[in-house]
Each structure stands twice: as C-alpha cells, then as structure tokens.
Amino acid sequence: MGTRLHVNLKRVLGTRNPMIYGHFIEHFHRQIYGGVYDPGNSLSDESGLRMDVLDAMRKIRVPVLRWPGGCFVSSYHWKYGVGKERIPMYDKAWAVEDPNTFGTDEYVDMCRKIGCEPYICANAGTGTPEEISDWVEYCNLKQEGQFAKWRIANGHEAPHQVKYWSIGNENWGEWELGAKTAEEWGYFVRETGKMIKHVDKDTELTAAALPDLDWNTQLLRIGGKFLDWISIHQYWDPINGTNDFASYEQVMAYTNLTENGIREVRGLLTAMRLEKKIKIAFDEWNLRGWYHPDATKRGPGETREDYVKLRDKNDINSLYTMADALFTACFLNTCNRNCDIVGMANFAPIVNTRGCIFTYPDGIVLRSTYHVFDLYVNCLGDVILDSWEEDAGYMTVRNRAGELEETAELDILATAFQDKPGVAIAIVNKNASFEKELALCFDDDSVKEGATVVLHYICGDSTEAYNDIGHEGVPLCKENLGTYRKGMKIILKPHMVGVLQIGVES
Ligand code: AHR
C-alpha cells in the first residue's frame, strides 16, 4: 500500500507573501558585469541590460531583488555609483576593481523593467548611519535636500520609492569588513533606523542577524523599535573554498535542515513577544556556498588574476543537478509552511555564480533550480493548507559527515488559491531510484469528482541531470492525468519536483 495524502481545505495555515520567491544579485564575479549588465552585447537593451535575462526574470515573476551585496556592500560607497562621472572603486571585499558604471539608478531602472520591488542592502561595515540615510534621501525624497536634487540632476525627476532597506550584511561575521560586536550592532542599527525613519517613515527596515541569542537579543532590545524584519542567511553545502559539491544522497540529508534557522529565530522573536511585529527575511539562501577561495590566503606565487579566475568554477553548469532542484523545492516548501513568520526569502544569487540563470555572450541557460521557481510561482497557490501523509515512506541516506540519517521520501505542500477554485500540491520525491505511489484523500468534498488533474514537473533522466548550452537534461514537463476520482492514485517519478493541479483553470 502506498502513501495516502490527506488534505482538508478548511485547515488553512496562512497566505504566503509573494516575496518568499524573491532573489538576490551581488557585485560578485559575473552576476552584474557580464551577467545581467552587458553593454554592447546585441542581446542588451539601450541601457545595457540583457533582455533575455530580464525576460527570464519576468517569467518567474521576481517579486523583490536584493542588491548590491552581500560582502561587497560592506565597503561600498553609493555616491561613487551615481551621476555623470563614475569613479571606479577597489572592491575590498572581493579584491577586484568595480567600474561603478552600474549603480543605484541603473539598479532601480532594472527593477522597474523586471516589475519587482527594489531592496537595497546598505553599507554598515565602513559606512555610517548618515551615509545610509543620505542614500534613502537620494532614492525617496521628492526634491528636498542635496541628494534628492542630485537624483533629479542625474535625470530621475521622480523618487525611486525604494521601500525595503537592510542595515548591513552579516556584520556579525569576522570575514565581513567593518564587522561589529553585538553591543555595537544594536546601537548602530538604532541610530541608522532613527535617521532613515526621519527621512522616510514608510520604509521597511531589516538588519543583519543570524540564529544567535546574544546577537539578536542585543539587536532587538536596542534597535528593534525601528525594525520590520530580521535578516538571516544560510548556505547548506559549505564549499566556498573547495567547490567540492555534496552528492545527491548527501543533499537529501541536507533537506532535514531547511527549517533549523527559521525555528530558532521564531523562538527568539516569540520569547521577546515580537513575532507579530517582526518577520523573517531569509534574504540570502542557496544549497551551495559560492566558490571564492579566501582572498587573504593566496597560494605561493598565486597572482590576483589567478585566484579571481578560480571563480569561473562557479560556472560549471553540469554541477547544478536534480539535487539542487529538490533541495530548492524543499526549502520553498519550508518557507511556505512558515508563512506566518517568513515574509521574504532571496535566492542567492539569481544570475550566474550558483544562480538559476546562467549567462554567456550568445544566450542563457536555465539551470534546474530555475524550473522550480517557475513551477512554484506559476502553478502553486498562495493559500497554504495543512496536510499529512499516512504511511509516509522514509529512506536512509549518508550525510556529508558520513553519518546515516533518515529522511522522508516525500516533501509535500498543499495549497489553494485566493482568486480561483482548485488545489495545487507541490510534491518532491527524493527517492533516487524508485517511483512512489500517492493516493489523494481530500477530507471533505471540496474537490469535485471529474475535476481535471495535471502534473507539471521536472525529474531529468537521472539524479545527475542538468542543463547547459546546447544540452537540456532537465526539461519542464506536463502530464494530463485525467479527471479526479476519490482516492485517486498518482505515480511520482524518482528524483522529481512537481506541482499537481486539480480543478485549476489554466
Ligand atoms: O559567498 C557569498 C557571500 O556569502 C555573500 O557575499 C555574503 O553575504 C555571504 O556571506
């Protein structure tokens, strides 16, 4: 007997914020320059933005795009990146020169073309509360003061209306330029939040945080009155210095860890009675850590060019397989289940590095993870339903530390729609080898017999399937499964991410 999925449309967990399908782009390697911003390429528009990349972003309806960093931002001074005269800066975080030809105005223009909310992460490393609030003046004041007038002089009469701002990026980390102690951080956030709110009270602010009691209690006790969000980050496969990808089996073990950070921060917010005031912005996440050998520890004789060139190893498309897709789906399921407290999540990054869109001079590659966002954004509902699996199957996997772990074979999220009938169920089958049978049991008669049943999915022909230039190993598939009958059983292919739509108008 297979697994039976029980869904009751009356047991609603919540409605997800569209921003949990958000993204991040940083001035690192080829994300901006040679990525989305490629002046002179015939595929770019008059402002130098790759039209094929923008199209792909629009197709997955990017709701919010965090920029410009990441570690980059902790020594970035925004004023060098606006106006007629752009002064190249030495990017101390990534040890390269940034031409500053892509700055605030180009970024906001890109967001308007994508149709997404801009979300600026500001320099709380070497920057000051005043430099950050000057940035808000530049973006959001109509004409008051020198910075709004500067924006107008730069050709942008109307305010940019940037609503989301982050104070800092990982300022708790010893690697971060301008890192701070928990005590320093609380006061820095308070003073910055105060100044920003004096410029534009309608902004929503977050600050760099992590699932750490001391850091967060200081931050929230001292600066919490100005915060609407608290930011956390996670990369589960820590391959920043090795590029040695965890195997499919090891990644399935990682799927047991998608909720840890959320659970810890939820507990802290609840203990401080802030869980109704402050939401979690998981504003950097990816299964894979970015590959960038430590800039301060060059090997003997290794030139700057040598170790910067190593970053090209992020561009090996065959490494981004069904493991990445299944993990991404499991994490998005986790965010949806916690939609009462997770309001935003930003895939890090969207273009190149570990992103879901890979660019090359003549086109783009949609990596396996891109299709997960396509399935979730375009096929899944926004009303999150409670569901449970009877006789759920488990499988034993060996994690990265070599230990055996149990993990559920299926990861399922049931949803309905606010604006139309029907049910959509995200289903992940982690089993690498075997099909799974799933019987559908709706605990009331809300799903009518005879409703159409369609499965949109990706699975590839193996766990190692990938997409690359001229190679589509992970196509997006669709299968009509007839009409719904009570207790209907469907077959789930191995290593599959799918969205089952029942009675959903296409
Ligand atoms: O590896 C990329 C870095 O990861 C981002 O710049 C930073 O925010 C995080 O530590």
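Two strands are said to pair if DSSP finds at least two bridges between them, and I begin there since pairing is what we need for the sheet in this predicted model. By that rule β1 and β14 are partners, joined by seven bridges and running antiparallel, and within that pairing Leu5 stands opposite Glu389 in β14. On β1 there is also a pairing with β19, through five bridges, and here the strands run parallel; the bridge partner of Thr3 in β19 is Leu438. Strand β19, which covers residues 436-442, is joined in turn to β24 by four bridges, with those two strands antiparallel, and Lys436 stands opposite Leu492 in β24.

Nine strands form an open sheet, in the order β23-β20-β25-β18-β17-β14-β1-β19-β24, and the pairing is mixed. At the edges are β23, residues 477-483, and β24, residues 489-492, each of which pairs on one side only, and from one strand to the next the twist averages 30 degrees.

Which helices lie across strands of this sheet? Helix α10, residues 322-337, lies across β1, β14, β17, β18, β20 and β25, and runs at about 50 degrees to β17, while helix α11, residues 368-379, lies across β18, β20 and β25, at about 155 degrees to β20.

If we take Met57 as an example and leave aside residues up to four places away in sequence, Met57 touches Val36, Val62, Ile114, Ile350, Val351 and Ile357.

Is α3 enclosed or open to the outside? Eleven of its twelve residues are buried, so the helix is largely enclosed by the rest of the structure, and what covers those buried residues includes β3, α2, β6, α4, β7 and α5.

One of the buried residues in α3 is Cys139, with a relative accessible area of 0%.

Finally, some backbone details deserve a careful look, because most residues other than glycine have a negative phi, and most peptide bonds are trans. The bond from Gly69 to Gly70 is cis, with omega near 5 degrees, and Gly70 sits in the loop between β3 and β4. A cis bond also joins Ala348 and Pro349, with omega about -5 degrees, and Pro349 is in the loop between β11 and β12. As for phi, Asn100 has a positive value of about 65 degrees and is buried, at 0% relative accessible area, whereas Asp391, with a positive phi of about 55 degrees, is partly exposed, at 49%.

Key: Residues are numbered from 1 along each chain as its sequence is written. This is a predicted model: local features need pLDDT of at least 70, side-chain atom pairs count only at pLDDT 80 or more; totals for chains, interfaces and linings use all residues. Side-chain values use heavy atoms; hydrogens and water are left out. Axes are lines fitted to C-alpha atoms, for helices over the stretch in contact, and angles run from 0 to 180 degrees between N-to-C directions. Contact means heavy atoms within 4.5 Å. Buried means under 20% relative accessible area, exposed over 50%, partly exposed in between (1.4 Å probe, protein chains only).
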